[in-house]
Amino acid sequence: MQIIDYIFSAWFFPVLRVSAPLMFAALGGLWCERSGVIQIGLEGFMNVGAFAAACVALSTHNPWLGWLAGMAAGLVLASIYGVSVIRFKSNQIVAGMAINILAIGIPPSFSVWLFESTSSTPQLPVEATFSVAPLWILLVVVVLSAWFFSNGAWGLRMIFAGEHPEALESSGVSVTWKRWQGVWIAGILAGCAGATLSLYLSSSYSRSMSAGRGFIALAALILGRWRPIPTVFACLLFGVTEILQTRLQGVVIWGTEPVPVQWIQMLPYAITIFVLAGFVGRAKAPKALGTSSAN
Amino acid sequence: MTNGFRSSMLISLRMSLRNIAKTFLGIGTGLALGLLVAWFAGESPFHVLKILLTSAFGSSYSFGMTLFYAVPLIFTGIAVAIPYRAGLFNIGAEGQLTIGSICSVLFCVAFPDLGTPWAIPLAAIAAFAGGALWGGLVGWLKARRGSHEVITTIMLNFIGAALASYIALYWIKDPMTQDVESIRIAPQYFLKAWNFLEGAPIGWVVAFAVLACLVLDWVLHFGSFGYSLKAVGSNERASELAGIRKEKIWIQSMALGGGFAGLVGLVTVLGHAHRYKIGLSADFGFMGIAVALVARGRILNVLWSALLFAALQKGAGDLEIETDTLTRDLVYWIQGLIILGVAAESMWDGLFHFIRKVIHQIRRGRATS
Amino acid sequence: MSKNKTDPQSIPEIEFQKVSKRYGDCISNQDISFSVKRGSIHALVGENGAGKSTLMKSLFGLIKPDSGEILVRGRSTRYRSSMDAMKDGIGMVHQHFMLADAESALDNIILGSEPGFRWFRIDRKLARSRLQELSDRNAFGFSKWDSPVRSLSVGEQQKLEILKLLYRNSQCLILDEPTAVLTPQEIDDFFKNLVQLKAQGKTILLISHKLREVMQFADRITVIRRGHCIADREAKDTNESELAELMVGRKIHLDDLGHRKVFANADRPAQVEVRGLTLLGGVEKVSNVSFSVAPGEIVGVAGIHGNGQSELFRYLIAPSVFSGEVRGNYLVDKKIVTRSVPEHLHACGIGVVQEDRQVEGLLMHESLSENLFLGQQKDPRYLKGFLVSRQKLATRMDDLNKRFDIRPHSHAVWASRLSGGNQQKLLLARALDHSPKILLIAQPTRGVDIGAIENIRKRILEERNNGCAILLVSTELDELTSLSDRILVFFNGEISATFQRKEFDEYAIGKAMGGGHA
């Protein structure tokens, strides 16, 4: 009994908690890329979402309102991205990077306007944070994604928007509208990811708190071959590496000194590269990913 | 010149003019939107514009400082632009310049007694080599394993930062401080500043950067390597069947770009801090992306694109001081918006199309009346 | 027009009345008027760019004509989208299939009209039974509903496209170049299905440039040239050569391309030789292939797409790029080049016309002169040391533009600005630029209008007469029969049959392509 208890409390739940933002973001990216739009702006969406969530939760003392604010912020930023790549047909990677750059500047600027400081927001009181709710929301999102991927007409049409947009268009469904839906979902879910960061995993927002998670989510998506359940497992894998990172701090492996903290810091990123290079390599992306819409 | 040749040149000219116009429109839009944000924050956009301009070009010292910021941006702009021509997105200039910096410091520390004429060039080569290694790694991963460079470069940015900190802290630490700083490098490695810019720490590195830009542009434009880059960027499959080894091009372009990113160490380490420490970079790597994208991947354009962003960077610093509500982070807003403006191809194409239609209608109207 | 308005049989299914459409200065359709009878097979013929597609798009609701009326069953239509046309019973099968490779046949067909409570759960079982019923009723003989499309043959994929229309109760089917990618046997099958559909009262509009088929199966034929309706007559009142002449405006001799020089020395040593070549690990299998090509001879390679010819061709033009295992030998001029790089082949005097011009042959967003350089990067005429002589490329490109009539005549325009025919001419011009002794050509006239087809085929014959050794891979059987001295048929990665010129027989060749024996 004790060992099961240990596994659950020391590994399972922490891994789940830590993977939660990755899963939200990766699923958001999944629907976006499935509909044919490359999505490297998850990092920016997440960061801005985390900030917005923290701000609103702080002022209203209500984590749910904070959560909604995170979703809204992600949605707004995603809409800017959508206008660029769908309406103006900008190169999607370029526009994605532009959004990430823009997103670096947004939280500090607002932070100055609201709190007169550019670093972290003030600490959130306990009632403004979550104790477990995001995990339930995550469960719902995962189940819905998995279900609609194989069963509903909506999922089928999203898939076609990314595999063969002309076929979808000629069957009377607007590819442009589907791609907007994909972009918005990415924004909303990445915003949820951000809110999870600032309202659940910690209780404030600190500068650049997403720390590359948006890109790790993208790697998880590639690893999961753009399918919901494998992607979720990939996120769990990266969650494990993050937990490993905290567990290894101060631990002595060889010699007398503990492992230098820099090596531990590198861990998630290095593992991402190894996994990407080792397993996936030539995964099959949605066929029409990155191309502009049929019309 | 035959008639055919002349019409061909006219077509090329028209295309170049269109591209220039599109770029300017993009920059203008981005700037305007950024000023709009400033206005929402409560500052007059004209006031903000004035601060930006005087801060960047107001005095020789200001101009010197702008140049000081521009040089690393030229290097990182080149670092992003070269792979961009081959169709690769080098988001890793940040990591490449970090590794380049730490390599040059390692070199300086390893050879503290090296003679004057050799010291700086060799340290520069060490910096280039470090960056080239870090960049080439990305190219190799893509060539051999198909890993997408957007993810590997970003991961390597984080890994590079950690690695450099480790080296600074464990191998060449400065025993006098608690911070993550390396020991000071020997004096013969210091880059001297020019005097006529009133103390701005700018020396011959500027000339070197500009020259490198011009030479590189010429070589890429007229050389066969440049052609191979362009071909792979345009159509991988056709290039491969024509005998161009796309894997080799990927590795070479990433290594070359990474090397130039590493040269930023010349400015920050040899020219300024004289040691390695965290925060040397001030996001040059990231901004290099903006520089290269606005330059549309053309090396020559990197020169004035870097100047533009350096002016923004310098101006943003003063914005923080001279206004209550704006911080230097506004520069990220403006950068992002400028890139979006320049990237919105179809918006500008649509605009030109519309203008052409209007002119057409006017001409038709005049002809019939 | 019939006076008896109440007789449904006399109201034409579709009637075009003075339909016009222009794009800027370019007139796409001008005053086109003709009618299509219900329950008939009506063919629309014309060159690429003549305006057939524009007209059909207007019918199908994809674009709106500037003037004129389109009546469907006597009612004027104002379709705002293809969905309106579909609701009215009009469906279109495009030349390039709209099927997602990775998805199942079933999903591809029901997309957009999914049965069941579709937002929650698509009732695939219901769809499957309905489609099976449709397939049986029309003798399609198809049942692999859950297989991914990429595992199906081209003929089967086309059936899926038609099923899409039948599933949505289309009464009128517009088919754009339906037989372009089918083998003779599949074409037979296809027309059997068409006749079956006609018997059920469906109206079929056939867009085709294959005059022989049109003559054989259509009831009525309309010819479009340069946006105008030039002729509209019953099939029994016309013939192939009359149609060709009407299409182009002058006499066309596709079967008679000119004089075939007879070479005195019948035992000329082979320029290109392939001995026991086996390619493993590529997209298609190639096993134990042996053949040779002598100077002044055109060796044609026939085969259904996917039987190894494309893989073989890709290997022959760039041996070093092939990523799998190679057994056997490839010789040029008696020298082994089994693993050589393309530059080496170029230096040996080989010119190449790649199979897929946009994907394998051209840099679409670069100028013509930049494209001229591709494949010739080590050619000393253009490369001095490591510098590229753009001046020389530019002048040479202008020269080639004139000689091959590539429009626009400028070397600075992007390749994407050229029409398909001009792009193909560009590829040929580039291949011939260094006066090669050997030509490796694939699909030289795919997607090219009839005037340019004649032009290109004449050129190829000319080179043959000049002593060039030519390998020609093509899916157009009449192209192979009109040009080749010998035809090799590929089936399942091997050469299954060889035909000499005097024994060319389309049926026998078609049978060999399908795996049968003579």
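Biologist: What makes Glu273(C) count as buried?

Modeller: Bear in mind that this is a predicted model. Glu273(C) has a relative accessibility of 15%. Buried means under 20%, so Glu273(C) counts as buried.

Biologist: Why is Arg275(C) called partly exposed?

Modeller: Its relative accessible area is 42%.

Biologist: What makes Arg390(C) and Glu370(C) a salt bridge?

Modeller: The N to O distance between their side chains is 2.7 Å, and the rule asks for within 4 Å. This pair links distant parts of the chain. Arg390(C) is in helix α13 of chain C and Glu370(C) is in helix α12, 20 residues apart.

Biologist: Why is Glu370(C) called buried?

Modeller: Its relative accessible area is 6%. The limit is under 20%, so Glu370(C) is buried.

Biologist: Which residue of chain B does Glu370(C) meet in a salt bridge?

Modeller: Lys230(B), at 2.6 Å from N to O. Across the interface of chain C and chain B, the rule finds two salt bridges. Ten residue pairs are in polar contact between these chains.

Biologist: Which parts of chain C supply the side that touches chain B?

Modeller: Several elements each supply at least two residues, among them α9, α12, β18 and α13. By class, that side has 18 nonpolar, eight polar and eight charged residues.

Biologist: How many residues does the contact take from each chain?

Modeller: It takes 34 from chain C and 27 from chain B. The two chains bury about 2500 Å² between them, 60% of it on carbon and sulfur atoms. In chain C, Val321(C), Leu363(C) and Arg390(C) lose the most area to chain B. Together they make up 17% of what that side buries.

Biologist: Now to chain B. What makes Glu240(B) and Arg237(B) a salt bridge?

Modeller: Their closest N and O atoms are 3.0 Å apart, and the limit is 4 Å. The two residues are three apart in helix α9 of chain B, so about one helical turn separates them. In general, an α-helix has 3.6 residues a turn, so residues three or four places apart point the same way.

Biologist: What follows α17(C)?

Modeller: Gly515(C) does, and its phi is positive, near 100°.

Biologist: Which residues are linked in a network of salt bridges?

Modeller: Asp379(C), Arg381(C), Arg396(C), Asp399(C) and Asp433(C) are. Over all chains, a search of the whole structure finds 46 salt bridges.

Definitions and conventions:
Residues numbered from 1 in each chain as written. Chains lettered and ligands numbered in written order. Predicted model: local features only at pLDDT ≥ 70, side-chain atom pairs only at ≥ 80, totals over all residues. Heavy atoms only, no water. Contact = heavy atoms within 4.5 Å. Buried area = accessible area lost by both parts, 1.4 Å probe. Polar contact = N/O pair within 3.5 Å; in protein donor to acceptor, adjacent residues only side chain to side chain. Helix = DSSP H or I, 4+ residues; strand = E, 2+ residues; numbered from the N terminus. Nonpolar A, V, L, I, M, F, W, Y, C, P; charged D, E, K, R; others polar. Buried < 20%, exposed > 50% of the residue type's maximum accessible area, 1.4 Å probe, protein only.
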